[in-house]
Structures are given as C-alpha cells and as structure tokens.
Amino acid sequence: MKFPNHVIHRRHRGSRTFMDGAAATTAIKFVRDRGLDHAVEREKNLRPLLNVKNLIKSEPSKSLPISIIAQNKDSLKIPSRPIEFIRKYPSVFHEFLPGGIGIHPHIKLTQEVLDIDADEHLVYESDSYRQSVADRLLKLLMISRMNKIPINILDKLKWDLGLPQNYLKTLVPDFPDCFRVVGSNESGQLELVCWSDELAVSILEKKAMEGGSGYSKGMPLAFPVKFSKGFEMDKKLKKWWDDWQKLPYVSPYENAPYLSPKTDESDKWAAAVLHEILNLFVANKAERDDVLCIGEYLGIRSRFKRVLLHHPHIFYLSSKIGTYTVVLKEAYKRGLLIENNPLMNIRNRYLHLMHTVKEHGKDISMSSGTNQEKKAASNASKKEAGDDDSEEENNGVSVTFSGSETKNGDSDEEEDRFKGGRRGSREAGAVSRRRATTTTRSKRKNGDLKTHLGDGEGERAMGRRHSRTKPKVPQPLNASTNVHRRSQQRSSS
C-alpha cells in the first residue's frame, strides 16, 4: 500500500507512548460527574418501556395478557417483575380484565402514550430524518476497514443510531446508491456501495475548516475537553497531555496500519474514531459493551479501552443503571444535550409521561432517579443562573485508575473504586460524627420540649412519646432507699 508523504513522515518519526510522556507512577484521576450521571440514570427504564409499548402496539387487539409479557421478559429487557414494572407507569400502561371476568390481567396503552407514538412515527417517516439516518449509516460503513458491518452489530446499535424498528425493509432499500444488504438479514452484512468524500470528514475536521483556521489533513488538531470540577493534573501529566493534543490528527476515515498499536499517535487516532462514532449516535452516548463491540469488529478494542482510561475529560464513563455508559462530555451541558435532535425530543416526552401520575384528575409530574440524583438535578437547576460553565456537578469524590485495562463483565467491585481510599474513610468518619451530632441535638430538643411547654404539657408529650417504645415498670429503688434511710435514723438516735 502506498501512503501519502505526510503519512510516511509521521511513520518514520520517533513514536511516544503514555508511559514515556508521564511517569509510571502517575495516575489518571477519575471524578464523578453528577450531571452526566443524571443524564444516564433518567433514561434507566426508557428502553424496556418502549420495547413493551412496541410489542403491545404490534398486536391486532392493541393489548396483551401480562403472562405474554412475562414470557418475553428477557428479550424486552424488563429489569423487575413484569407486573411491577407495568404498574410503576400507570400513565403509560392501563391494566384491565377483559370482559370483567378474566383471570389474567391484560395490558393496553393509554391515549397519552399513543399520541407520542404517533409523533414518533412522523419523525421516522420525515425525509430529513431518513436522510440523516442514512448519512450516519454511510459514515459508519466508511469508518469500517472492510466497508461492511454485520447486521447483528447494527441491531445492537439500533437504539444509539436512532434506526427505525424495521430499518432493513423501510430504510435501506430507499438508498441503493449508499448501501445494500449482503446475505440473509439474520447473518448478513450491510455493505457500502459508494464512498462519499463529502461525508468522509470528521466532526472535528468540519468545525476546524468552518473556523477559518486554514486546517488541512494531517495537521495537529486538539480535542475539545471538559474537565469536571475537582479534576487535578500534576505538571508531568499536564505536559504529556499538552504534547498529546499537539500530535497530528489522523482522520477516523483514514485506515492507519502504519501506526504502532501502543503509541500516543495510535491512541489519538483511536480517540478520533471513538469521538466520531459517539457523534453518530443520537444521544452522543452508548453502553460501554456496545462501544467495545464495534471496537472489536474494527480491530481496536484494546485501544478503545486505553482511550477511556487515559482521557476521562473527553469520554465520561458512568456507572449508573447497572452498567457502564460512555458519554461524550462536550455534547452535554448541565446534564442536557446541547444540540437539538427530533428523536431525542420524542424520547424526552416519553420520559416526562413516565414520571407523570394522575391525582384527582390532574397530571402531576414526578421527578425520576434516586434521592441523590433528584438533589443533583435540583442543584443543577439552581446553578443555571449562576456559573456559565460550572459544567456538570460532581460529588468531589476522586479515584485513581490502575494502568490495567478494564475487564468485561465488571462487578460492583469496580463501582467501589469510585468511593476513594483514605478520603472515603475520612468521609465515612465525618458522616458518623454528623449522625452523632444530630442524635445529641435531637435529645436536647426533646429535653427543651419539657421545659417550654406549660401546665405539664411537655411532660405528658414526652410520656406519650416514650410510652410507644418502653412499657412502664415499677420502681422498687425508691422503696429500698426509704428503708435504708429509716435504719440510719434509728442508729443515729
């Protein structure tokens, strides 16, 4: 293969590695980002909910017995008991007994979710959205070394790419000049038909060209980064990072076999590939396993792992919703997507309906997520009028990643690493001291209640409170004390 001159120049130049640029003892510190964690956690049950919605909608009767949903629990990815999951969202699913005498309850969709579903169908059918989906598929095929992608991998990425349910029948045949299916739908591949020089430009290159900086291929190009609050970098690591940003930018659409796998030049190219793929996803995020799946097909799975390990200021790794999710940090601000997307607008409407309940004929919106995430969302909304770039807040807990690669199927042990070492123990001690202080204040408050309530109300209130936990018992101590006192008086007389 013949390479361009600028490629040959880079090929014979001395290569630098992460361990050369930063000391072996230097570690990349990970800081948890509450805003991005909330962006991940708020969509926790959205995919299984839409899976159940689509299954019910596909039925001629537009309803299903709960037993059928239970039988398909794994394929629908329902995280809990199906009946509990259904009853958790009464604004989406309606439970009823057919004919009033049915043994097993049936489930149908509410009118509110059907209205959103109709709007979602309009988005999928619009010419502008169909063209954008076709462009995303075409760019992904051009990133692939073989210009082919197996259908089973596309099915894994269908949610992230924003593909319609039956895209092989409704979308692919309408773009015969771009791609085609080779083989059967189950074991086949989507193959590139015609290369597009116009689309073979990464999002970073496009922005650099629009900025009027005179950028041309092969020139250094820095990645936009967002350092989470609390992230620190020593001088040696900072120098390595600055030098890494100044390395030549190799386009993700350029095949780079001349780059040695374990060099900084290779890692920057892998970062460019991952950056471009995440930009092809409608939410600019995806589950780590799906990212590594496409990385394995591209032959750079281990490089993806190193990129995630060494560059948390570009790619955030969230441990919420029981799995790991890779988030492109620059695409979010205060936990919200910056760029508008019609499909994400529809998904946000589903999320709003999921957390809406009816009470006395009125719709009441319920916030999603855990109490910690609700507090984080509240703090983020309060700060919107304040710091312009406080970015997504973090809880101040940092952790040191090891140099080893992240393994597949990580258990909760890796989650524990987020809690920090000595600092975590100091925080635990502080929590216990706060609990002790709270208990002391509570006792003082109860004692003050006796003093300030007049006419014996304080004592009666305290008596009522303690009578719930401790039964009244006789006190023989006073009687024995009186006998002891009488014997002392007799002896003295």
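Student: Is Trp-241 buried or exposed?

Tutor: Please keep in mind that this is a predicted model. A residue counts as buried when its relative accessible area is under 20%. Trp-241 has a relative accessible area of 5%, so it is buried. Trp-244 is likewise buried, because its relative accessibility is 0%.

Student: How are the rings of Trp-241 and Trp-244 arranged, stacked or edge-to-face?

Tutor: Planes under 30 degrees apart count as stacked, and those over 60 as edge-to-face. The planes of Trp-241 and Trp-244 stand at 20°, with ring centres 5.4 Å apart, so this pair is stacked. Both residues belong to helix α14, where three residues, about one turn of the helix, separate them. Ring pairs also join Trp-241 and Trp-244 with Phe-223, Trp-240 and Tyr-249 in a cluster.

Student: Why is the pair of Tyr-124 and Tyr-129 classed in its own way?

Tutor: Their planes lie at 75° and their ring centres 5.8 Å apart, so the pair is edge-to-face. Tyr-124 is buried at 17% relative accessible area, and Tyr-129 is buried at 4%.

Student: At what angle do α14 and α15 pack?

Tutor: Angles of 65 to 115 degrees count as roughly perpendicular. Helix α14 (residues 235–245) packs against helix α15 (residues 264–280) at about 65°, with the axes 10 Å apart. The two helices are therefore roughly perpendicular to each other, and the crossing is right-handed.

Student: Which residues make the contact?

Tutor: From α14 come Trp-240, Trp-244 and Gln-245, and from α15 Asp-264, Asp-267, Lys-268 and Ala-271. These contact residues comprise three nonpolar, one polar and three charged.

Technical notes:
Residues numbered from 1 in each chain as written. Predicted model: local features only at pLDDT ≥ 70, side-chain atom pairs only at ≥ 80, totals over all residues. Heavy atoms only, no water. Axes fitted to C-alpha atoms, helices over the stretch in contact; angles between N-to-C directions. Helix = DSSP H or I, 4+ residues; strand = E, 2+ residues; numbered from the N terminus. Parallel < 35°, antiparallel > 145°, perpendicular 65-115°, else oblique. Left-handed = near helix turned anticlockwise from the far one by under 90°. Contact = heavy atoms within 4.5 Å. Nonpolar A, V, L, I, M, F, W, Y, C, P; charged D, E, K, R; others polar. Phe/Tyr/Trp six-rings, centres within 6.5 Å; stacked < 30°, edge-to-face > 60°. Buried < 20%, exposed > 50% of the residue type's maximum accessible area, 1.4 Å probe, protein only.
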